[in-house]
Amino acid sequence: LAWNASFNTVAVASGGNDSRRMLDDPECRQLVQRLMSEVYRLGEAVTGATLPVIRGIDGPEALIADTDRPGVVVVPSMLMDFLAKRPLEHAVILGNPIAIARELGVDVP
């Protein structure tokens, strides 16, 4: 969810950028990191614990670094839907986490 909520959202909001273009743009990269940090904070509020390390990824910076490898270019699914003029997955990717954050009193601007 941390990857999807951040990269999908910024891909569409930035006008159609894939992962490479987002990570090469300092403003997009910062926004991806901020959104990802919010999702991590929410995950920790839901579980009541630090989120586990998975495949050596222990937080937003490591998840971004995993995507920011040479030759890696990802076109997020929400961007594919946007370009094809299909409905976006915003309810599942953004709406549900925001609703949970509100219930728990977690600030996710």
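Q: What is the volume of the largest pocket?
A: In this predicted model, the largest pocket has a volume of about 310 Å³.

Q: And which residues lie nearest its centre?
A: The largest pocket has 16 lining residues, and those nearest its centre are Leu1, Ala2, Tyr40, Ile54 and Leu63.

Q: Which helix gives the largest share of that lining?
A: The largest share comes from α3, with 4 residues, while α1 (2-13) and α3 (26-47) each supply at least two residues of the lining.

Q: How many of the lining residues are nonpolar, polar or charged?
A: By class, the lining of the largest pocket is made up of 12 nonpolar, 2 polar and 2 charged residues.

Q: OK, how much space is in the second largest pocket?
A: The second largest pocket holds about 250 Å³ of space, and of the 15 residues that line this pocket, Leu35, Glu38, Ile98, Val108 and Pro109 are the closest to its centre.

Q: Which helices supply at least two residues there?
A: For the second largest pocket, α1, α3 and α6 (90-104) each supply at least two lining residues, and the largest share, 6 residues, comes from α3. By class, the lining of this second pocket has 11 nonpolar, 2 polar and 2 charged residues.

Q: Switching to the core, which residues have the most contacts inside the largest one?
A: The largest nonpolar core has 21 residues, and the ones with the most contacts inside it are Phe7, Met22, Val32, Met36 and Leu63. The elements giving two or more residues to this core are α1, α2 (19-24), α3, α4 (60-67) and α5 (77-83), with the largest share, 7 residues, coming from α1.

Q: What does Met36 touch, leaving out residues up to four places away in sequence?
A: With those sequence neighbours left out, Met36 touches Ala2, Trp3, Ser6, Phe7, Pro60, Leu63 and Ile64.

Methods: Residues are numbered from 1 along each chain as its sequence is written. This is a predicted model: local features need pLDDT of at least 70, side-chain atom pairs count only at pLDDT 80 or more; totals for chains, interfaces and linings use all residues. Side-chain values use heavy atoms; hydrogens and water are left out. On a 1 Å grid over the protein atoms alone, a cavity is a set of points where a 1.4 Å probe fits but cannot get out, and a pocket is an open set with protein on both sides within 12 Å along at least five of seven lines; lining residues have an atom within 4 Å of a point. Grid points are joined across faces, edges and corners, and a volume is the space filled by probe spheres set on the points. Ala, Val, Leu, Ile, Met, Phe, Trp, Tyr, Cys and Pro count as nonpolar, Asp, Glu, Lys and Arg as charged, and the others, Gly among them, as polar. A nonpolar core is a set of buried Ala, Val, Leu, Ile, Met, Phe, Trp, Tyr and Cys residues joined through side-chain atoms within 4.5 Å. Buried means under 20% relative accessible area, exposed over 50%, partly exposed in between (1.4 Å probe, protein chains only). Contact means heavy atoms within 4.5 Å.
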